[in-house]
Amino acid sequence: MAFLDIMIGPLALADWLSWFCLIIGAFFLITGTLGIVRLPDVFSRMHGAGMVDTLGIMLMLIGLMFQAEEWIVVAKLGLILMFIFFTSPTTTFALARAAINGGINPGPKKAGRSVDIQDKKSKDAKVEHKKQGTTSSNT
Amino acid sequence: MLHAMSLGAALAVLWILLSGMFEPLLIGLGVASIVLTIWIARHMDVVDHEAHPVHFGIRALLYYPWLTKEIIIANIDVAKVILSPKMKIQPHVFTVKASQLSDIGRTTYANSITLTPGTVTIAMTEGRDVVEVHALTGAARAGVESNEMNRRCTAMEGMTQKDVESDAKARAELEKKP
């Protein structure tokens, strides 16, 4: 597409867009990885991993699409993106089932529609989760 | 037959995207591969609305951009939680009702919940219409409980009565097997 070749300052528009996506994507990849390290137990860590396989990978691939010189490379990157979006929830689900079958408690159950979680309960939950975090990392 | 034809079309597009060459030999090999694949798929009895949800059709094109928007918002929320020094999280499990009629619709809903960071589907129970979700924070939970994703998934589904019956038949056959 011709408008992507317009020069803005030192770089073409495609390069600016590419760098924007790659830098923001890298930020989400690093934050997601930090989440895997910082969060306390196996189920919470899946949320960090979820950031890596959704927005992180999406922005990296879109950034690479702007660098592609042929349409077929763009299409192939698009296919990779599509397959990741279908397979990553499946693997997350398999991991969650494996953790439950392995005897790890996914945390306190809250029924009903209320969103507020009482302070005392969540403190108890945190203590419980810290214990689980250490046991799961030891085994 | 509709499903076999749309499978053929999808495979043809995939072949062209992956090869990118239009020589007679390569196109011929592509056609042969597609015919063989459809023949095997029909013998395995996997060419149906479940393996190949064409009935989602144009409505899927409305759903996926909305899902992408939700994924971006959820990612920013989880990034804030992870980067905040105190990390105020309340990991807990809750259940929501899935109103989709078909297994493929419920799978799409469960996968969409997992794709938005902050919520992960960990089980589907009670006649396959209750989803157990692990949430990282109360805000992530409120997002699912607003029920908008469920509503949009059901709207995209567009199941016909015939599809519902064929689902029930397949499930009965599965339960007969040891």
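In this predicted model, the crossing of H1(A) and H2(A) is left-handed. The two helices pack with their axes 7 Å apart, at an angle of about 165°. Angles over 145 degrees count as roughly antiparallel, and H1(A) and H2(A) are therefore roughly antiparallel to each other. By class, their contact has 16 nonpolar, 11 polar and 1 charged residues.

**Interface of chains A and B**

Chain A puts 38 residues in contact with 31 residues of chain B. On the chain A side, four helices of that chain each give two or more residues: H1 (13–38), H2 (42–67), H3 (71–101) and H4 (119–138). H3(A) supplies the largest share, 10 residues. The side of chain A that touches chain B divides into 20 nonpolar, 11 polar and 7 charged residues.

The two contact sets by class:

| H1(A) with H2(A) | 16 residues | 11 residues | 1 residue |

**Nonpolar core**

The largest nonpolar core holds 40 residues. Which of its residues touch the most other members? They are B:Val78, B:Ile113 and B:Val133. H2(A) gives the largest share of this core, 10 residues.

B:Val78 has contacts in both chains. In chain A, B:Val78 touches A:His47 and A:Met51. In chain B, the partners of B:Val78 are B:Pro117, B:Gly118 and B:Leu136, not counting residues up to four places away in sequence.

Definitions and conventions:
Residues numbered from 1 in each chain as written. Chains lettered and ligands numbered in written order. Predicted model: local features only at pLDDT ≥ 70, side-chain atom pairs only at ≥ 80, totals over all residues. Contact = placed C-beta atoms within 7 Å. Nonpolar A, V, L, I, M, F, W, Y, C, P; charged D, E, K, R; others polar. Core = buried A, V, L, I, M, F, W, Y, C linked by C-beta atoms within 7 Å. Buried ≥ 20, exposed ≤ 12 C-beta atoms within 10 Å, placed from the backbone. Axes fitted to C-alpha atoms, helices over the stretch in contact; angles between N-to-C directions. Parallel < 35°, antiparallel > 145°, perpendicular 65-115°, else oblique. Left-handed = near helix turned anticlockwise from the far one by under 90°.
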